[in-house]
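Look through the model below, chain by chain. Then follow the notes on its domains, its interface and its helix pairs.

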Amino acid sequence: MNKHATADLKATRILGGVATDQRHDSAHKHVTGTAIYIDDMPEPAGLLHACLGLSTVAHGTIRSIDLSAVRAAPGVIDVLTGHDMPGSNDISPTGRADEPVLATDTVHFFGQPLFAVIAESREQARRACRLAKIDYDEKPFVTDIWDIDRRAGKLVTDPLTLKRGDAAAAIETAPRRIKGTMRLGGQDHFYLEGQIALAVPGEDTDVTVFSSTQHPSEVQHMVAHVLGVPSHAVTVEIRRMGGGFGGKETQGNQFAAIAAAAAKRLGRAVKIRPDRDDDMAATGKRHDFVIDYEVGFDDEGTILGVDYFYAARCGFSSDLSGPVTDRALFHCDNTYYYPAVRAQSAPLYTNTVSNTAFRGFGGPQGMIGCERVVDEIAFALGKDPLEIRRKNFYGTSDRNVTPYHQTVEDNIIHRLVDELEKSADYQARRRAIADFNAGSPVIKRGLALTPLKFGISFTATHFNQAGALVHVYADGSVHLNHGGTEMGQGLYVKIAQIVAEEFQIDIDHVKITATTTGKVPNTSATAASSGSDLNGMAAQAAARTIRDRLCDFAAEKYGVPREQIEFLPNRVRVGNQEIAFGELTQQAYMARVQLSATGFYKTPKVRWDRDKGEGHPFYYFAYGAACAEVSIDTLTGEYVVERADILHETGRSLNRAIDIGQIEGGFIQGMGWLTTEELVWDDKGRLRTHAPSTYKIPLASDRPKVFNVTLADWPEAHEPTVHRSKAVGEPPFMLAMSVFHALSDAVASVGEHTVCPRLDAPATPERVLMAVERVRAQTAA
Amino acid sequence: MTEIRSEIRFMLNGVETALSDVRADETLLDYLRLRRALRGTKEGCAEGDCGACTVLVGRLTPDGLIYESVNACIRFLGSVNGCHVVTVEHLKGQDGGLHPVQQAMVDFHGSQCGFCTPGFVMSLYALWMRRTDPTEADIEKALQGNLCRCTGYQPIVKAARAISSYGRVETDVLASERARVEATLNALKDGARVEIGQDGQRLVIPASVEDLAAVLEAEPEATIVAGSTDVGLWVTKFMREITPVVFIAHLDELHTVTETDGAVSVGACVSYTEAFSALSRRIPAFGPLIDRIGGEQVRNMGTIGGNIANGSPIGDTPPPLIALGATVTLRKGESRRTIALEDFFIDYGKQDRRPGEFVERIDVPVPGEGTHYAVYKLTKRRDEDITAALGAFHLTLAADGTVAAVRIAYGGMAATPKRATAVEAALAGKPWSSETVEAALDAYGKDFAPISDMRASADYRMLAARNLLRRFHLETTSGLPVQVSRYEAA
């Protein structure tokens with residue numbers, strides 16, 4: 001069917017332009033099971049399957065490795081070790097050469113991949129893996145940074161210090177001081193589609209890798225590096241992921257590299273899809289933190305000086321731990337102004353899988369440290385934490401410089417919190433809860449309202465660039481490609497909306513195509529909430545180039561001034577006549593006008609001098625606030641979330657439906673991190689929570705019983721972002737702090753709110769009960 | 001003489017299918033994805049916890065053809081003999097477009113990454129066929145076995161509420177072909193035993209309970225598979241050899257629930273879903289407990305008999321059954337023996353089941369008028385989580401307010417489901433007062449020395465176990481709310 005023939009040429013508005021609630025482009029395929037993920041692709045003839053052999057000690061050197069039984073097992077074609085990587089046995093994304101594809105000598109964690117079995121079937125590969133005989137010389141190991149001297153521990157990458165003013169002096173001279181420590185657990189991504197790669201060997205050194213990755217360019221570079229070939233030999237493609245959340249920013253590299261190395265070695269296509277347990281054991285997670293804090297404040301609760309030490313469990317290699325721990329420090333202020341501050345990071349080596357990106361990228365950990373400090377002040381002064389929060393908010397014209405010396409220019413937190421306080425009826429509920437608790441010795445309620453400010457941009461300035469490729473075919477249909485990847489967040493549809501808007505054509509005339517390194521090179525990861533900001537601008541630029549050419553062409557052909565050419569819905573007005581878009585493109589083709597263009601964008605203003613700890617690392621900030629109410633059982637620690645109210649802003653939203661989906665989903669995911677998602681290692685250094693039977697992400701029945709999500713409709717982006725929209729991927733995750741603090745508030749009620757419960761995360765029923773016991777013991781004394 | 005055939009027969013979507021090449025440990029999911037290229041059904045975890053592999057299985061019951069959601073990842077292919085397997089590919093609307101469940105999911109933005117979505121669609125479809133106007137609680141219960149990491153579930157629940165505005169269940173695809181499917185499945189019931197040998201493995205599907213008894217006498221070490229919610233993982237996670245396998249979940253005689261004045265008798269293959277109605281009516285504390293066992297798919301598959309026979313220290317039904325004084329009847333050939341359920345559990349992984357024996361039924365005494373009975377399950381996540389500790393309390397008070405009889409049993413506190421006999425002794429004969437309860441707490445140290453693991457620490461288990469007795473006391477003596485509740489009483 002010639003699609004443009006069906007376009008409505010009288011429409012006053014296109015279908016699916018910006019600021020519409022356009023549904024996810026693949027929704028109809030999701031619900032029918034016809035959306036193709038990598039494991040669903042038709043398999044190339046002769047496909048082989050790989051499975052990883054994992055270490056069974058947490059730290060040691062390999063004395064001997066006997067794979068003869070593995071090789072002899074039914075269906076086994078080959079076994080690869082780290083020595084079989086033709087280029088380099090290294091997939092360190094930072095260039096530190098601290099992360100092998102397959103460990104050859106030293107084993108750094110329980111579950112580290114040591115070899116890869118290639119067999120005719122996946123089951124054969126899995127069975128054969130278990131037959132390896134490996135003899136280790138075991139060494140002492142550390143899995144938990146709680147057990148070590150965090151100020152003297154081995155680091156995987158350079159730490160950072162942020163400083164403004166003299167924090168030590170400010171604390172020293174403050175009327176009041178508090179010092180404390182908080183433990184904060186990690187989090188598994190639990191993308192529903194696990195890691196997967198399918199490598200198809202081509203001619204010469206070529207290989208095509210289908211990889212479930214947020215960062216196709218990096219997979220391309222890693223595969224080239226491992227194979228010892230130029231980047232041009234490697235093409236990486238991904239149409240969609242079954243969830244990413246940061247877990248596929250670098251963690252896909254290993255699987256892609258192994259599949260590619262095996263495919264080139266054997267001349268056959270190779271697929272690797274680890275079992276869920278192996279995926280969880282062998283891939284990185286959100287960083288756990290231990291946060292030491294000391295704060296000086298006055299009797300009114302105004303912070304005068306604060307000192308933070310953020311120690312992170314990074315695992316055995318650097319991976320992204322440098323930027324993750326940096327971002328934790330960048331968010332040690334959240335929405336609060338510190339007259340004097342020092343914040344230090346300690347990215348610590350541990351004998352665990354190397355931790356990695358996860359929605360928020362250290363930001364949530366940074367923020368929750370400072371929210372604890374605010375709580376401590378409130379308890380010390382016997383005030384409502386909301387009052388202390390508000391008192392310390394950044395100002396709009398003064399008190400607005402961050403610990404990294406960037407001025408906050410777009411602060412809207414006061415109005416957001418004021419509006420939410422009213423719409424959530426905070427004050428009345430605060431009183432009602434006090435009444436309820438007075439008459440209920442076992443069940444206690446808690447309430448909290450927490451604000452949020454999150455910095456948008458990659459702090460590595462060079463990542464803030466994007467490219468796009470747009471073709472307009474002669475019939476007026478459009479092929480759209482860009483460097484961003486689709487992991488469910490609705491990036492593809494948002495970019496298609498932007499392109500449809502530029503051409504003024506209905507969105508179903510825009511074909512969304514798989515991300516591939518062959519079309520747009522040198523892309524950045526789809527991460528840091530930047531997907532639509534960066535790729536939207538790049539795609540818009542490409543579309544504008546073609547639009548300009550069409551304008552020039554029409555002006556010349558019809559002899560009208562350019563000002564008299566207007567792109568109307570599905571048609572173009574040229575002087576006094578209207579021409580269907582598809583007709584104009586046909587004419588342009590006949591006149592030999594180039595209807596293909598690339599687009600490029602780089603974020604302005606951003607700069608960051610890490611050595612000095614100064615700069616303007618964020619183009620802008622995203623804001624939100626959430627209010628949560630919980631009930632806890634003080635006999636068992638069980639709880640339910642009674643209600644949550646969210647007020648969040650995404651500038652002039654490109655797609656409110658998609659944005660609300662990000663907010664709801666981010667909130668629940670954040671809630672999981674802070675409540676039931678607990679990573680447990682045993683005394684052998686083995687992760688015991690490696691599947692959904694033991695690792696508990698939220699269910700539908702964990703949602704707040706009442707869940708009100710509102711997009712603030714008045715803000716627009718302070719900076720000229722694409723259609724003045726703002727990023728939404730990560731910020732809502734941190735709205736879940738409200739649930740954590742409501743739990744803490746409920747616990748505090750057993751001590752009449754005189755003692756800070758110092759609840760650690762995740763606040764499992766066990767931690768809640770133990771905190772109740774602690775508060776009872778402290779207040780009984 | 002039982003007739004023996006060497007193929008399984010079932011319906012897959014619209015097509016009657018016969019297979020003679022079936023491995024005993026072949027999962028339904030692998031069959032669908034690898035052999036039939038039906039790739040709408042996804043593998044998310046391969047252990048029955050995420051629901052991405054949810055399909056419907058239709059089976060003939062005395063009440064007619066019913067469809068239930070199951071996890072294809074841990075369901076064995078052999079066990080669908082005589083059933084109708086329905087995958088997402090079978091769903092369509094009346095005009096050939098989207099099915100009402102699918103259209104609702106699209107319109108309410110119920111998918112983001114989409115990987116879990118076919119599983120959600122199938123779970124919601126099963127719910128909708130059962131209940132076209134579900135409550136919030138119905139929806140959440142139906143979705144306990146489906147994990148979504150993207151949406152936060154809100155749009156999915158909204159979609160679930162709206163399905164009926166998109167179509168009528170009476171004109172739905174499965175309704176319209178119901179007569180044909182029933183006729184086909186009836187025709188498949190030929191009374192034959194199925195035996196298939198494949199790749200050095202063997203599976204047997206006995207024709208009847210009598211036939212089962214004979215099969216097990218001949219092969220006493222066979223792996224008995226009912227719901228496969230545990231044995232499924234032996235295969236998918238531990239790659240254990242389970243051959244020869246005897247499937248029993250299809251045996252009608254083991255699905256009976258018989259009610260008498262003082263007891264409920266439950267056949268070994270009664271699923272949690274099937275047991276729910278009778279048990280929750282006669283013993284109300286069972287209702288909320290069953291709602292918290294697994295997800296809907298697991299409750300549709302898992303059986304009370306299996307929960308007992310596998311001997312797990314954290315199985316959820318043994319402690320409440322022990323507290324009630326339930327008995328288990330084991331059968332070998334034609335001989336049967338009935339023992340107290342608590343005596344069935346000897347030690348960790350060791351049960352009093354002799355070679356060739358199988359669990360035939362469980363007899364559950366119904367608590368008498370005026371007695372108090374409660375079951376409390378503690379988990380990290382409220383729903384679809386494995387027990388950290390579970391306490392069951394059965395109390396009879398004398399006229400003077402003293403404890404006339406008490407039975408208390410716990411799961412998660414020892415290597416087996418275990419009675420708290422020292423605690424019981426500390427309570428017996430005393431006034432049912434907080435002083436008595438407080439004084440009895442010390443006895444927990446005699447009864448239990450729990451371990452620390454990924455579900456809870458030993459300290460938490462001990463403290464919470466004691467507090468459950470406090471809760472039980474408060475619940476029986478005060479009007480105070482003593483439990484947090486997601487669903488307010490209607």
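Which domains does the domain assignment of chain B give? There are three entries: domain 1 (4-89 + 178-247), domain 2 (100-171) and domain 3 (371-477). The bounds come from an automatic or database domain assignment. Taken over C-alpha atoms, the centres of domain 2 and domain 3 of chain B are 38 Å apart.

This is a predicted model, in which local features need pLDDT of at least 70, side-chain atom pairs count only at pLDDT 80 or more, and totals for chains, interfaces and linings use all residues. Residues are numbered from 1 along each chain as its sequence is written, while chains are lettered from A and ligands numbered from 1 in the order in which they are written.

**Where the chains touch**

70 residues of chain A are in contact with 65 residues of chain B. Contact means that C-beta atoms, placed from the backbone, lie within 7 Å. Among the elements that each supply at least two residues of chain A's side are α1 (27-32), β27 (620-633) and α16 (656-674). Helices (H or I, at least four residues) and strands (E, at least two) are DSSP runs, numbered from the N terminus. The largest share, seven residues, comes from α16(A).

By class, this side of chain A has 28 nonpolar, 24 polar and 18 charged residues. Ala, Val, Leu, Ile, Met, Phe, Trp, Tyr, Cys and Pro count as nonpolar, Asp, Glu, Lys and Arg as charged, and the others, Gly among them, as polar.

Axes are lines fitted to C-alpha atoms, for helices over the stretch in contact, and angles run from 0 to 180 degrees between N-to-C directions.

| Helix pair | Angle | Axis distance |
|---|---|---|
| α13(A) and α14(A) | about 30° | 9 Å |
| α17(A) and α18(A) | roughly 35° | within 9 Å |

α13(A) passes α14(A) in a right-handed crossing. The contact of α13(A) with α14(A) holds seven nonpolar, five polar and four charged residues.

α17(A) also passes α18(A) in a right-handed crossing. L743(A), V747(A) and A748(A) in α17(A) meet V768(A), A771(A), V772(A) and V775(A) in α18(A). That contact has seven nonpolar, no polar and no charged residues.

**One residue in chain B**

L174(B) lies in helix α6 (residues 173-176) of chain B. Why does L174(B) count as partly exposed? Because L174(B) has 18 C-beta neighbours inside 10 Å, and partly exposed lies between buried (20 or more) and exposed (12 or fewer). Leaving aside neighbours within four places in sequence, L174(B) is in contact with Y67(B), V86(B) and M129(B).

Conventions
Two residues are in contact if their C-beta atoms, placed from the backbone, lie within 7 Å. A crossing is left-handed if the near helix is turned anticlockwise from the far one by less than a right angle, and right-handed if clockwise.
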